[in-house]
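Colleague: I have a new model open and would like to learn how to read it. Could you walk me through the features one by one?

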Amino acid sequence: MTTELHPQTTPEVGGMGHSVKRKEDPRFIQGKGEYIEDVNLPGQLWLDIVRSPYAHAKIKSIDATEALKIPGVAAVVTGKDLEGYKLHWMPTLAGDMQMVLPVDTVMYQSQEVAAVIATSRYAAADGVAAVEVDYEPLPVVVDPKKALQPDAPVLRTDRGPDKQTNHIWHWESGDAAAADEALANADVRIAEDIYIPRIHVASIETCGIVADWNPIRQQLTMHLTTQAPHAIRTVVALVAAGAGLPIYEHNIRVKTHDIGGGFGGKVPVYPGYVLAVAASFLTGKPVKWIEDRSENLQADSFARDYHIHAEMGATKDGKIQALKVRTIADHGYTDAAADPSKFPAGLFNVITGSYDFPNAFVEVDGVYTNKPPGGVAYRCSFRVTEAVHAIERMVDILAHDIGKDPAQLRMENFIQPEQFPYHTPTGWEYDSGDYPKALQKALDLIGYDELRKEQAEKRARGELMGIGISSFTEIVGAGPSHDFDILGLKMFDSCEIRVHPTGKVLARLGVQSQGQGHETTFAQIIAEELGFPVADIKIEEGDTDTAPYGLGTYASRSTPVAGAATAIAARKIKEKARLLAAHLLEASPDDLEWTNGRWSVKGSPDRFKTIQEIAFAAYTNHPQGMEAGLEAVDYYDPPNLTFPFGSYIAVVDIDKGTGEVTVRRFVAVDDCGNIINPMIVDGQIHGGLTMGLAPALYEQITYDELGNNLAGTFMDYLLPTAVETPAWELEKTITPSPHHPIGAKGVGESATVGAPPAIANAVVDALWHLGVRNIDIPITPPKVWRILHDKGIS
Amino acid sequence: MQFQGTVQIDAPRDKVWAFLLDPNQVGSCGPGVESIEVIDEDHFRAKAKVGVGFISARFTVDMTMAEKTPPDLAVLKAHGQAPGSAVDATARMELSGPDAGPTQMDWSADVAISGTLASVGARMIEGTANKMIGQTFDCIRSKLAGA
């Protein structure tokens, strides 16, 4: 990265702008990370799950006789057993209901049907194979559009008499009449159906729990794969209260240990967690449940699955006038999305993107089908990926339709730097941005004009090469408490800093790293604010008994929210340090100034106290009347979200014989405001780009007409490896967030959000002259080959 | 999944009919069949081990003779379960040709496979099923021809 950064601290201190090596990496690269699978407690039992072969069926009977004969099998738990405790259903984070175990009907293939508890993993698996379940198959609804037809079977008959439909909710944003009128008056009007397929986060660590109910202490410890430990604790306490169980929130402790990838998939509560807790409560022993890879791919919550119909209007020279978007969201059999409660379709209404739309209207309908719960915000701030893909595809189609270069059309329609803070027609206030600068940087870096010449020459020779642009705007950092909550919990976050007498620091946060490098970046914020070297700062997360309450890590909210809390808690400490320094220097606090980790007397730079000296004094020599110690906590309620952005350009070559797409080059210019650790930001972008390449070309969960998941292993669910991944070329622009204490924005998800449309646009660009307007992702070789074959090209 | 085909069997029609309607006889030709239990004239239960690729499962299959017009037409319904997988099928067979043989059998099967076998074995199921059907008819033909 060549962007000029100007760190204010020395490399030894390692504040913002330094590529400090990750403090967590020594244990990871030595294989000494500790994951839930590594937790083994004395007397521990194992839990394994009987799953349904049918996507929709009545359960006629469950016979555990043979299973219970297997040595080591202690118990078999069914929905009827849980019904006695009112634990057979549980609330989802979206306020819908999800079965822990079904009493009479299964709703998707691989749904939990019964749990076997045994003294070993092997005995539990043998027990699962021996449980006999008699099913009566029912009609299966796989297609969400068919689910809305009047003759479709109603899947969720458990809902009230006025809700006997597969339609879950309707949500809309913007001005429909104004958008209609502008579309009617537009010179050019385009429309396209765009499907964003169902995909899976496929984190390398699957989900799991060791539930440890101690009947003597009446304490429940959950060693758990979760991105939101405190929220889970509260949900468990509420469910326990509903079930009349004596498990109270002060006696519930959630510990996450290290987490091997989250990406949104470890936000929901899964039935396996509840079953393990129930089993531990019933047996008084620790109970472990770790799902296997196929269970993870088939039964855990999914992402995307948006069927989008978009219409756009523009003047004949390409000035965009209006956007109208209608979407069907396939949620599976329950809405288990972790969206903020006012936003059932997440932040999808950021769909006007980086463009100055005078008019826009967007509506989304959530639908039930016989699939596992969907709606996970896979490395994406609540449906932004879907929105960005749609708008970036539409802008490209418009450019091609009117014969204007896609880069030029974007430049002419961008929200301009002087328009910020910018109010979108769907209600957001973008904080800051400079979109032309980022796109120009990307165009220069990739050599855009030369590439267009090369493309023209190759096309004349019959070769297929395409160039695709994506100039995305992300919306991250949920969120301001007036609008953002999950199950009523406001989406603030927190940091507590304790400075020890010897000048060493312990900071605890309400968020939860899953590999993002929190132990390093949050230490750098404290180093920046207080001058303690990063090496002297320990960051702790993931223990609800010690960390302050927070809503967790997802939707790129850690830096925008908890990072802000960290800076402000540090500033509180700095203010107390000023009073202590004034006492030590026998000066007035107002006469002191802060530079490089020390308070000094203005005009007398030799008279100073370092932050370490001040810390010692806080415990050994504090003035009478002042509280001892040097600690602060902050619960940060952001005034707005942050809006990182960027421009990506992909160059693809297409093999005419096989239809295979090769991404030859990929330039990513990102702007995430002020940068804490450039190396970690680049790492986040590398990972995000690879997770954007994946759905663009490879990944999709499909179902057959019986609702069987056809991507239940890594043989069928194709993760890209280093072989398929191009060498990413990264650059930055820096446009600080005006409202964030350190001017930072989130970055973890920008690349996942921005990359797919750049690749899809490049492929369509390569094929446009053949009459191709859109290809839904993943753009697999068979899809492209079929198009070429139909056009007589080989 | 739909399967269908026509088989020529070099045997008189009543012999073919009797063979096909005898669960023990026809069952001996099913690949992987481990046991056949005759519950009554029209209800049978078989245990069979089925392998698709690296997935293998021991199915318990309940069969019901749904329709029977000797010696021409029979319809069999089957419901089989294995841990994590299930199969529901309707098979129809129609015999024709001179009474003394050779006998022509037109058969069709509508098979719904659910669970792990469908999910993980999807790309291999059709090939495996065709192979198993082929083996079954080869066996029937050779047993009847030798009779």
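Colleague: How many of the contacts in chain B with a separation of 6 or more come from residues 24 or more positions apart?

Modeller: First, keep in mind that this is a predicted model. For contacts, the idea is to ask how far along the sequence the two partners sit. In chain B, residues 24 or more positions apart account for 49% of the contacts with a separation of 6 or more. In chain A, 80% of the contacts between residues at least 6 apart in sequence join residues at least 24 apart.

Colleague: Thanks! Which pattern does chain B follow along the sequence?

Modeller: Here you list helices and strands in order. Chain B has 3 helices and 7 strands, and the order is β-α-α-β-β-β-β-β-β-α. Its C-alpha atoms fill a box of roughly 45 × 30 × 25 Å along the principal axes.

Colleague: What radius of gyration does chain B have?

Modeller: The way to read that number is against a rule for chain length. A compact globule with 147 residues would have a radius of gyration near 15 Å, and chain B agrees, with 15 Å. As for burial, 29% of the 147 residues of chain B count as buried.

Colleague: Which residues have the most contacts inside the largest nonpolar core?

Modeller: The general idea first: in soluble globular proteins, nonpolar side chains tend to be buried together. In this model, the largest nonpolar core has 285 residues. Those with the most contacts inside this core are A:Leu47, A:Val116, A:Ile117, A:Val131, A:Ile526, A:Ile759 and A:Val763.

Colleague: Which domains does the domain assignment of chain A give?

Modeller: The assignment gives domain 1 (25-33 + 493-636), domain 2 (36-138 + 207-290) and domain 3 (303-478 + 640-790). The centres of domain 2 and domain 3 of chain A, taken over C-alpha atoms, are separated by 37 Å. Their contact takes 18 residues from domain 2 and 23 residues from domain 3. On the domain 2 side, the residues divide into 9 nonpolar, 8 polar and 1 charged.

Colleague: How many residues does the contact take from chain A and from chain B?

Modeller: One general point: the size of an interface is often given as the accessible area lost when the parts come together. Here we can count residues instead: 17 from chain A and 13 from chain B. On the chain A side, α4 (121-130), β8 (132-137) and α9 (293-299) each supply at least two residues. By class, that side of chain A has 8 nonpolar, 7 polar and 2 charged residues.

Colleague: Now the backbone. Where are the peptide bonds that are cis?

Modeller: Look at the omega angle. The bond from A:Phe420 to A:Pro421 is cis, with omega near -5°, and A:Pro421 is in the loop between α11 (406-413) and β18 (422-423) of chain A. In chain B, the bond from B:Gly101 to B:Pro102 is cis, with omega near 0°. B:Pro102 lies in the loop between β6 (85-96) and β7 (103-115) of chain B.

Key:
Residues numbered from 1 in each chain as written. Chains lettered and ligands numbered in written order. Predicted model: local features only at pLDDT ≥ 70, side-chain atom pairs only at ≥ 80, totals over all residues. Contact = placed C-beta atoms within 7 Å. Helix = DSSP H or I, 4+ residues; strand = E, 2+ residues; numbered from the N terminus. Nonpolar A, V, L, I, M, F, W, Y, C, P; charged D, E, K, R; others polar. Core = buried A, V, L, I, M, F, W, Y, C linked by C-beta atoms within 7 Å. Buried ≥ 20, exposed ≤ 12 C-beta atoms within 10 Å, placed from the backbone. Domains from an automatic or database assignment. Rg over C-alpha atoms; globule rule 2.2 N^0.38 Å.
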